[in-house]
Amino acid sequence: MVYIPKILDYKPFYIQVDGSSVARDTTEWGLIAKVNPYPLLPNPKDPYKNEWFDEHGDDEWCDKMFYQPIDFSVSFCVMAYDKPNKTAEVLIREAIEDFFSLIREGQFKIFDSYSGIGRQKVRYAGYSEEEFKRRGDKAHAIFEIQFKANDPITRMGLVNGQITQI
């Protein structure tokens with residue numbers, strides 16, 4: 001099992017896969033959300049338009065606006081100590097692979113309790129490793145997971161252990 005340090009006033013990052021009624025804190029896998037630079041507002045898609053060369057401006061259809069998906073990344077940290085039958089590196093790899101098995105297929109909902117922002121129709125979009133170090137019998141990894149929220153409008157919140165529309 002990985003090591004989860006006691007962090008005063010830590011605000012968890014939650015994921016709830018489609019078909020589940022329970023939001024899961026990423027610390028279940030030992031993953032501590034380190035940085036979440038989440039954009040508050042989406043960018044609009046370009047509206048359908050006609051450019052009449054004998055008129056000023058554009059003739060745009062803006063009765064209903066549509067928005068681009070939101071791409072964002074969350075930086076995580078995970079730590080482990082050697083066990084009698086497994087090294088810290090193996091424990092970290094297992095924790096990350098277990099987490100990846102949850103998010104690798106389909107869409108899910110997220111809620112970041114630090115920012116109070118949640119989204120639905122989110123999918124896994126990538127991974128990058130920032131650091132992997134070993135010191136004595138302890139190792140840690142810092143990595144970033146990229147997400148894509150295909151519903152940039154619907155606000156989600158954490159209510160009674162579920163991520164739901166607010």
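Modeller: A residue is called buried under 20% relative accessible area, exposed over 50%, and partly exposed in between, with a 1.4 Å probe and protein chains only as cover. The structure is a predicted model, in which local features need pLDDT of at least 70 and side-chain atom pairs count only at pLDDT 80 or more, while totals for chains, interfaces and linings use all residues. Residues are numbered from 1 along each chain as its sequence is written, and side-chain values use heavy atoms, with hydrogens and water left out.

Colleague: Is Leu41 buried or exposed?

Modeller: Leu41 sits in the loop between strand E3 (32–35) and strand E4 (49–50). Strands (E, at least two residues) and helices (H or I, at least four) are DSSP runs, numbered from the N terminus. The relative accessibility of Leu41 is 70%, so the residue counts as exposed.

Colleague: How far apart in space are Leu41 and Glu97, C-alpha to C-alpha?

Modeller: In sequence, 56 residues separate Leu41 and Glu97. In space, their C-alpha to C-alpha distance is 31 Å.

Colleague: Which residues make the nonpolar surface patch of about 250 Å²?

Modeller: A patch takes residues with over 30% relative accessible area and no salt bridge, joining like charges within 9 Å and nonpolar side chains (Val, Leu, Ile, Met, Phe, Trp, Tyr) within 5 Å. The areas come from the Shrake-Rupley method with a 1.4 Å probe, and for residues only the protein chains shown count as cover. Ile153, found in the loop between strand E9 (138–151) and strand E10 (156–159), is partly exposed because its relative accessibility is 47%. The patch is made by Met65, Tyr67 and Ile153.

Colleague: How many salt bridges does a search of the whole structure find?

Modeller: A salt bridge needs a side-chain nitrogen of Lys or Arg within 4 Å of a carboxyl oxygen of Asp or Glu. One of them joins Lys133 and Glu131, at 3.8 Å from N to O. The whole-structure search gives a count of eight.

Colleague: Which residues are linked with Lys49 in a network of salt bridges?

Modeller: Lys49 is partly exposed because its relative accessibility is 36%. Lys49 pairs with Asp58, with the closest N and O atoms 3.5 Å apart, and Asp58 is partly exposed because its value is 37%. The network links Lys49 with Glu51 and Asp58.
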